[in-house]
Amino acid sequence: MEQNLKKALDLLNSGNYTCVACKEEVVYTTTQRGVAPLLNWLDSKTDLKDFSAADRVVGRGAAFLYCLLGVKEVYALVMSRPAAEVLQSYGILADAGTFVEGIINRTGTGPCPFEAAVMDIQDTQEALNAIRMTRRQLLKSQ
């Protein structure tokens with residue numbers, strides 16, 4: 001395991017973080033859940049090019065966001081196989097503690113809405129638009 005990825009995973013496992021990105025001395029951490037931290041990093045134009053990321057859960061939606069952020073590798077405690085396929089198709093190393101067929105929503109009643117929203121999408125920009133639309137709908141229904 002590459003040194004930056006090991007550092008990110010160690011931080012993920014030692015704190016209450018949901019996601020950690022490392023590159024040399026630069027470290028970004030978050031306790032936000034779901035795709036929120038990845039969208040925030042994208043929106044704030046945080047430069048994660050060639051960073052190594054460790055995340056608790058990565059579904060296909062998050063995978064597209066990691067592609068847009070330009071990370072070079074992602075390790076997730078749980079990663080869906082469709083997410084790994086997306087990452088690998090964009091040349092990003094993908095590994096996980098556990099690979100699953102799909103990510104389940106937070107209530108355990110069905111698929112993750114973000115993974116479902118991008119299941120038939122191949123393009124990162126199209127995926128970003130679908131993720132933003134799904135997020136707006138979920139925020140409205142709360």
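**Notebook: a look through the predicted chain**

I began with the rings, and Y28, W41 and F51 form one aromatic cluster. Residues are numbered from 1 along each chain as its sequence is written, and side-chain values use heavy atoms, with hydrogens and water left out.

**Entry: aromatic pairs**

I searched the whole structure and got 2 aromatic pairs. My rule was that rings of Phe, Tyr and Trp (its six-membered ring) pair if their centres lie within 6.5 Å; planes under 30 degrees apart are stacked, over 60 edge-to-face, and the rest tilted. Y28 and F51 make a tilted pair, at 5.7 Å centre to centre with 40° between the planes. Y28 sits in strand β2 (residues 26-30) and F51 in the loop between α2 (36-43) and β3 (52-58), so this pair ties together parts that are 23 residues apart in sequence.

Buried or exposed, what is F51? I found F51 buried, with a relative accessible area of 4%. Y28 counts as partly exposed, at 29% relative accessibility. Here buried means under 20% relative accessible area, exposed over 50%, and partly exposed in between (1.4 Å probe, protein chains only).

**Entry: the whole chain**

I then stepped back and noted 6 helices and 5 strands. Helices (H or I, at least four residues) and strands (E, at least two) are DSSP runs, numbered from the N terminus. Read from that end, the elements run α-β-β-α-β-α-β-α-β-α-α.

The chain has a radius of gyration of 14 Å, which agrees with the value near 14 Å for a compact globule of 142 residues. That radius is taken over C-alpha atoms, and the globule rule is 2.2 Å times the number of residues to the power 0.38. Along the principal axes, the C-alpha atoms fill a box of roughly 40 × 30 × 30 Å. I also noted that buried residues make up 46% of the 142 residues.

**Entry: T18**

Where does T18 sit? I placed T18 in the loop between α1 (3-14) and β1 (19-23). At 14% relative accessibility, T18 counts as buried. A polar atom of the T18 side chain lies 2.4 Å from the backbone oxygen of Q32. Beyond its neighbours within four places in sequence, T18 is in contact (heavy atoms within 4.5 Å) with L12, T30, T31, Q32, R33, A54, D55 and R56.

**Entry: helix α4**

I went to helix α4 (residues 81-89) next, where P82, A83, A84, V86 and L87 are buried. The buried residues of α4 pack against β3, α3 (60-69), β4 (73-80), β5 (93-100) and α5 (113-117). Just after α4, I spotted G91 with a positive phi of about 75°.

**Entry: cysteines**

How many disulfides does the structure hold? I counted 0 disulfides, taking one as a pair of cysteine sulfur atoms within 2.5 Å. For C22, the closest cysteine sulfur is that of C19, 9.8 Å away and too far for a bond. C67 is in no disulfide either, and its nearest cysteine sulfur, in C19, is 14 Å away. I looked up cover as well: C22 is buried with a relative accessible area of 0%, and C67 counts as buried at 13% relative accessibility.

How values were computed:
Predicted model: local features only at pLDDT ≥ 70, side-chain atom pairs only at ≥ 80, totals over all residues. Polar contact = N/O pair within 3.5 Å; in protein donor to acceptor, adjacent residues only side chain to side chain.
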